[in-house]
Amino acid sequence: MYKVVGSPRTRTMRVLWMLEELGQDYEISPQPPHSDPVVVGNPGGKIPTLHDGDTILSDSVAICTYLADKHGQCSHAAGTPARGHQDAMTQFALEMIDGTLWTASKNTFVLPEERRAPEIVPVCLFEWDKAMTTLAAHIDGKEFIAGDQFTIPDLVIAHCAGWAKNIKFPIPEGAVADYMARMRARPGLASAMARGEEAQPSS
């Protein structure tokens, strides 16, 4: 059984969702960043980490890629043109969508107040709008962003859609909103969210 270490209300949710999509058994250890159980697997203290027997992996997208490749689902085969396109879309999601949301979040509520640069948030919104325009072009007429099946970039982008909603970054109506809603309606996400809430310590 896999063990996922990290708070479910973070990028850890991506790993839970992937495990649900793959139909794998797992347990959740809802640890905060920089806690001792996290640092064991990632000296930088970032979550999530994944325990697979004696192997400990870090970084949500690296973990999702490992799991998808290992179980032969939610990913195209390595060394194929389809995988090259999938990886390109994953990098687009991380750089243009995740990266923009993370920069805005750090400078709004994550960093200590004296370290924030709130004036950068309008720049992030500008970059976000460009990313949404590019996303619309990538998914034009498609159900999924990288081929004929649900793959890692779909999961990352759909996870970011929930993040965007929380920090009030607008999701364009039409193809982009429909795509994100379609991905977020997958039963795997609903199951992962339910499991995550069950594991979350009571406040």
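What covers the buried residues of α8? The close-ups below, taken from a predicted model, start with that helix and then move on to other spots.

**View 1. Helix α8 and its cover.** Helix α8 runs over residues 187–199, which makes 13 residues. From its first C-alpha to its last it reaches 18 Å, close to the 18 Å expected at 1.5 Å a residue. Its buried residues are Gly-188, Leu-189, Ala-192 and Gly-196. Look down the axis of α8 and these buried residues fall within an arc of 95°, so they line one face of the helix. As for the opening question, the cover includes α1 (12–22), β2 (26–29) and α7 (175–184). On the face turned away from the buried side, you'll find the exposed residues Pro-187 and Glu-198.

**View 2. Helix α3, with one face buried.** Which residues of α3 are buried? They are Ser-60, Val-61, Ile-63, Cys-64, Leu-67 and Ala-68. Seen down the axis of α3, they fall within an arc of 160°, so here too the buried residues line one face of the helix. The elements covering them include β1 (2–5), α1, β3, β4 (55–58), α4 (81–110) and α6.

View 3. Leu-22 lies in helix α1 and, at 5% relative accessibility, counts as buried. Leu-22 and Ala-68 are 46 residues apart in sequence, yet their C-alpha atoms are 7.5 Å apart in space. If we skip neighbours within four places in sequence, Leu-22 is in contact with Leu-67, Ala-68, His-71, Gln-73 and Cys-74.

**View 4. Helices α6 and α7 crossing.** Two packed helices are described by the angle between their axes and the distance between the axes. Helix α6 (residues 152–166) packs against α7 at an angle of about 100°, with the axes 9 Å apart. Angles of 65 to 115 degrees count as roughly perpendicular, and α6 and α7 are therefore roughly perpendicular to each other. On the α6 side, the residues that meet α7 are Pro-153, Asp-154, Ile-157, Ala-158, His-159, Ala-161 and Gly-162. Their partners in α7 are Tyr-179, Met-180, Met-183 and Arg-184. Sorted by class, this contact has 7 nonpolar, 2 polar and 2 charged residues.

**View 5. Helices α5 and α7 crossing.** How do the axes of α5 and α7 cross, and within what distance do they come? For helix α5 (residues 121–138) and α7, the crossing is at roughly 75° and the axes come within 9 Å. That makes α5 roughly perpendicular to α7. Here Met-132, Leu-135 and Ala-136 in α5 meet Val-176, Tyr-179 and Met-180 in α7. By class, the contact has 6 nonpolar residues, with no polar and no charged ones.

**View 6. Ile-145, a buried loop residue.** Ile-145 sits in the loop between α5 and α6. Is Ile-145 buried or exposed? At 0% relative accessibility, Ile-145 counts as buried. Leaving out residues up to four places away in sequence, Ile-145 touches His-85, Met-89, Leu-135, His-138, Ile-139, Pro-153, Asp-154, Ile-157 and Tyr-179.

View 7. Ser-29 belongs to strand β2 and counts as buried at 13% relative accessibility. Beyond its neighbours within four places in sequence, Ser-29 is in contact with Lys-3, Val-4, Val-5 and Gly-6. Thr-49 lies in strand β3 (residues 49–52) and has 0% relative accessibility, so Thr-49 counts as buried. Apart from its own sequence neighbours within four places, the contacts of Thr-49 include Lys-3, Val-4, Val-5, Val-38 and Ile-63.

View 8. A cis peptide bond joins Ile-47 and Pro-48, with omega about 5°. Pro-48 is placed in the loop between α2 (36–41) and β3. Asp-59, in the loop between β4 and α3, has a positive phi of about 80° although it is not a glycine. At 44% relative accessibility, Asp-59 counts as partly exposed. Lys-168 is found in the loop between α6 and α7; its phi is positive, about 65°, and it isn't a glycine either. With a relative accessible area of 71%, Lys-168 is exposed.

Conventions: Residues numbered from 1 in each chain as written. Predicted model: local features only at pLDDT ≥ 70, side-chain atom pairs only at ≥ 80, totals over all residues. Heavy atoms only, no water. Helix = DSSP H or I, 4+ residues; strand = E, 2+ residues; numbered from the N terminus. Expected span 1.5 Å × (residues − 1). Buried < 20%, exposed > 50% of the residue type's maximum accessible area, 1.4 Å probe, protein only. Arc of directions from axis to C-beta. Contact = heavy atoms within 4.5 Å. Axes fitted to C-alpha atoms, helices over the stretch in contact; angles between N-to-C directions. Parallel < 35°, antiparallel > 145°, perpendicular 65-115°, else oblique. Nonpolar A, V, L, I, M, F, W, Y, C, P; charged D, E, K, R; others polar.
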